[in-house]
Amino acid sequence: MEGKEEDVRLGANKFTERQPIGTSAQTDKDYKEPPPAPLFEPGELSSWSFYRAGIAEFIATFLFLYITVLTVMGVVKSPTKCGTVGIQGIAWAFGGMIFALVYCTAGISGGHINPAVTFGLLLARKLSLTRAVFYMVMQTLGAICGAGVVKGFMGKNQFNTLGGGANSVAHGYTKGSGLGAEIVGTFVLVYTVFSATDAKRSARDSHVPILAPLPIGFAVFLVHLATIPITGTGINPARSLGAAIIYNKDHAWNDHWIFWVGPFIGAALAAVYHQIVIRAIPFKSRS
């Protein structure tokens, strides 16, 4: 028995543990605070990677609107909700597409697919104003094209009858309620984006960049579950604008400002909270 115990002891000490477990694994040895992006980056305009990133945002937002608006149309079209995927299915379509598309485009454009996300990252100096404006334009164009393809497949009459997937404040809720829902919903999304892509966490835990699309998509799913009954869930100005332009009825435009003001306020609050309160970036730069 003594010999066996000795063998076990030697075997246990033969291979040291290369990755410590628990809090001791979280060191800052590989971490350096990335410098803020310049406000204007003229050199980007002559780089193919700049335009490739914009194209990636266009295609991603196009696919996002195509799948999600079609899902909404299918639920609205059915005479009985029991025969459709329901609100849960709509939420899964939005969250699942964000998960897949962020995974596909994160290495090319950052996988924003949402002007509110781009705006929040701009405020945090994660990208230049030039790139942010270009992304927003491409996201909006992609959303318009995606909703347009859905209308082409379904036909104008049926598309308009089913509401075109356009966002609006539901009956029984005030505009203030709709605005608040959009602010809080976008805050949840953009705060999750900041946390999932945080450079410090990426340096500490190598799995963080790989898993980043999962919490982002799941955040979109949860926000849709909560706010579909209130506003249909915008939290993405490009998604709201694309559906509104193709649907083009007063019903879609009456409350449309909510789906720009709300997400941009929510994104700004998330950026301030993460950068100033959580990461204390301004105080670190002073010290």
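Ala280, which follows helix α13, has a positive phi, near 55 degrees. The model is predicted.

**Helix α13**

Helix α13 covers residues 258-278.

**The chain as a whole**

What is the secondary structure made of? It comes to 14 helices and 0 strands. Buried residues make up 46% of the 287 in the chain. Among contacts with a separation of 6 or more, 79% join residues 24 or more positions apart. The chain exposes about 14900 Å², and carbon and sulfur atoms supply 65% of that area.

**Cores**

The largest nonpolar core has 56 residues. Phe64, Met73, Phe159, Leu189 and Ile216 touch the most other members. Several helices each supply at least two residues of this core, α13 being one of them. Others are set out here.

| Helix | Residues |
|---|---|
| α3 | 86-105 |
| α4 | 115-123 |
| α5 | 129-154 |
| α7 | 175-196 |
| α10 | 213-231 |
| α11 | 237-247 |

A second, separate core has 5 residues, including Val169, Ile183, Ile258 and Phe259.

Which residues does Met73 contact, leaving aside its neighbours within four places in sequence? They are Val150, Met154, Phe159, Leu162, Gly163, Gly164 and Gly165. Phe159, like Met73, is one of the core residues that touch the most other members.

**Gly146**

Gly146 sits in helix α5. Its relative accessibility is 0%, so Gly146 counts as buried. Beyond its neighbours within four places in sequence, Gly146 contacts Phe62, Leu65 and Tyr66. Gly146 and Phe64 are 82 residues apart in sequence, yet their C-alpha atoms are 7.5 Å apart in space.

**A surface patch**

Leu45, Trp48, Tyr51, Ile55, Ile59 and Leu63 make a nonpolar surface patch of about 560 Å². Leu45 belongs to the loop between α1 (2-14) and α2 (48-77). Why does Leu45 count as partly exposed? Its relative accessibility is 46%, and partly exposed is the class between under 20% for buried and over 50% for exposed.

How values were computed. Residues numbered from 1 in each chain as written. Predicted model: local features only at pLDDT ≥ 70, side-chain atom pairs only at ≥ 80, totals over all residues. Heavy atoms only, no water. Helix = DSSP H or I, 4+ residues; strand = E, 2+ residues; numbered from the N terminus. Expected span 1.5 Å × (residues − 1). Buried < 20%, exposed > 50% of the residue type's maximum accessible area, 1.4 Å probe, protein only. Contact = heavy atoms within 4.5 Å. Areas by Shrake-Rupley, 256 points an atom, 1.4 Å probe, with all protein chains shown as cover. Patch = residues over 30% accessible without salt bridge, like charges linked within 9 Å, V, L, I, M, F, W, Y side chains within 5 Å. Salt bridge = Lys/Arg side-chain N within 4 Å of Asp/Glu carboxyl O. Core = buried A, V, L, I, M, F, W, Y, C linked by side-chain atoms within 4.5 Å.
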